[in-house]
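Subject: Structure handover

Hello,

Here is the structure I promised to pass on to you. Please open it alongside this email.

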Amino acid sequence: MSPDEATLAPVRELVATDMAACAAAWLESLAPDQLTRAQFDSPLAADAEAERLRWFYTPTDHGGLALRDQTARQQGLAMRLVASGLSEAGYTTVATVMGSENVLDQVEGWHVRWGRDRGRDPGLYWLRLFGHPGDFVWGWRFGGHHISLNNLIIGGCIVSTTPCFIGADPASAALLGGTLRPLGGPEAAARHLARSLDSDRYRAALLHESAVSDIVSGNRPTIAHGDVMMHMQDLWRGTFTDPALRDLVDEVDRRAEENSGYTEADHTAMAISLPPKGLAARDLDPAQRHTLRQLISLYTGRAPSALADVHAAHYEADDVLDEVHFGWAGSLRAGEPHYYRIQGPRLLIEYDNTQRHANHAHSVWRDPRSDFGLDSLAEHRRRSAH
């Protein structure tokens with residue numbers, strides 16, 4: 001993580017201590033057959049590390065012990081661990097997205113199955129530990145449709161909370177007397193920033209006239225210059241043996257590409273790049289810089305509150321914010337397909353709302369240098385070798 005290490009150290013330790021206590025309580029509640037699914041080897045073991053780096057946001061098997069395969073008490077302990085890795089607002093958002101699977105089931109007419117008895121199932125969120133809480137190196141992952149949380153602890157300190165993915169389908173749904181928008185805040189803040197730009201700044205920020213149909217970084221374990229959007233068929237654990245399911249995924253991808261109008265050349269133009277595309281924060285006026293800081297905090301604010309405060313303070317520094325770029329693609333009108341990207345040396349944020357007539361949103365917060373704590377883990381291995 002990028003903020004000053006001296007400031008972060010006690011915060012990292014506090015968060016990790018809470019996580020360890022929650023993880024230990026959950027493990028102790030499990031039966032032996034559950035433990036075989038719930039707990040893998042340490043991230044220091046090659047096979048376990050390969051699995052840890054596999055993450056998803058589609059309705060596929062995320063790996064671990066699913067909530068529906070746990071008792072009510074075990075589910076409560078599992079969610080307590082999930083909450084330990086999030087701020088209060090972050091946890092509320094994640095819990096809302098999980099519950100929205102019931103709404104999506106209705107939206108889809110209760111008939112999409114994805115190779116299982118119930119296609120949209122709020123019990124199909126998986127929790128898995130790597131190593132044991134209290135080990136020098138251990139981690140945990142929680143994920144299911146539209147949720148992926150990834151955490152690594154080294155030496156009693158949390159060293160990584162990314163990739164952190166939250167999606168919403170539907171992105172907007174009617175409530176009695178209101179509207180449910182789990183990601184409405186990050187969408188509205190980015191649109192406000194884009195609309196505030198004058199013509200020259202908007203041209204610099206514009207990545208494409210049309211929105212790409214998904215986040216570009218996909219579920220890659222690492223990010224590299226030139227990465228283009230991954231297609232739907234590549235976002236699952238393995239391949240479908242049922243031809244009908246393969247056809248369904250192909251059709252979803254075909255419709256998404258048709259609606260975006262993207263060609264290979266368009267995808268190349270939208271590729272992740274170093275240096276970043278878009279408008280540099282140094283070229284924003286003070287009010288726009290304030291909006292950008294607020295927008296970033298809606299992503300880094302997913303982290304436990306003490307950690308989120310440190311992240312927010314980090315981006316208060318002008319020289320840090322100056323290195324961040326903001327890019328927009330698609331329409332500026334609410335309810336129409338759009339995409340935005342925020343990128344800096346230690347930051348990649350992506351948001352798209354294009355599918356299902358711009359009522360299906362994806363958002364991800366990543367650290368290109370430290371996703372999964374790979375930099376910290378490499379340093380630990382280096383020191384251990386001497």
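First, the ground rules. This is a predicted model, in which local features need pLDDT of at least 70 and side-chain atom pairs count only at pLDDT 80 or more, while totals for chains, interfaces and linings use all residues. Residues are numbered from 1 along each chain as its sequence is written, and side-chain values use heavy atoms, with hydrogens and water left out.

The largest pocket holds about 740 Å³ of space. Its lining has 34 residues, and those closest to the centre are Val252, Arg255, Gln355, Arg356 and His360. A pocket here is an open set of points on a 1 Å grid over the protein atoms alone, with protein on both sides within 12 Å along at least five of seven lines; a cavity is a set where a 1.4 Å probe fits but cannot get out, and lining residues have an atom within 4 Å of a point. Points are joined across faces, edges and corners, and a volume is the space filled by probe spheres set on them. Helix H8 (243–260) and helix H13 (355–358) each supply at least two lining residues of this pocket, and H8 gives the most, with seven. Helices (H or I, at least four residues) and strands (E, at least two) are DSSP runs numbered from the N terminus.

There are also five cavities of 30 Å³ or more in the whole structure. The second largest cavity has a volume of about 70 Å³, and H8 again supplies the largest share of the lining, three residues. Among the residues lining that cavity are Val252 and Gln355, both of which are also listed closest to the centre of the largest pocket.

Ile166 stands opposite Ser363, and Asn353 opposite Ala361.

In helix H11 (residues 305–314), the buried residues are Leu307, Ala308, Val310, His311 and His314. They cover an arc of only 160° around the axis, which puts them on the same side of H11; the arc is taken from the directions from the helix axis to the C-beta atoms.

Finally, I count 29 salt bridges, each a side-chain nitrogen of Lys or Arg within 4 Å of a carboxyl oxygen of Asp or Glu. Arg356 and Glu108 meet in one (3.1 Å, N to O). Arg356 lies in H13 and Glu108 in the loop between helix H5 (88–107) and strand S3 (125–130), so this pair ties together parts 248 residues apart in sequence. Arg356 is partly exposed at 34% relative accessible area, whereas Glu108 is buried at 10%. Glu251 and Arg255 form another (3.5 Å, N to O); they are four residues apart in H8, about one helical turn. Arg289, Arg293, Glu316, Asp318 and Asp322 are linked in a salt-bridge network.

Best wishes

Terms used. Buried means under 20% relative accessible area, exposed over 50%, partly exposed in between (1.4 Å probe, protein chains only). Two strands pair if DSSP finds at least two bridges between them.
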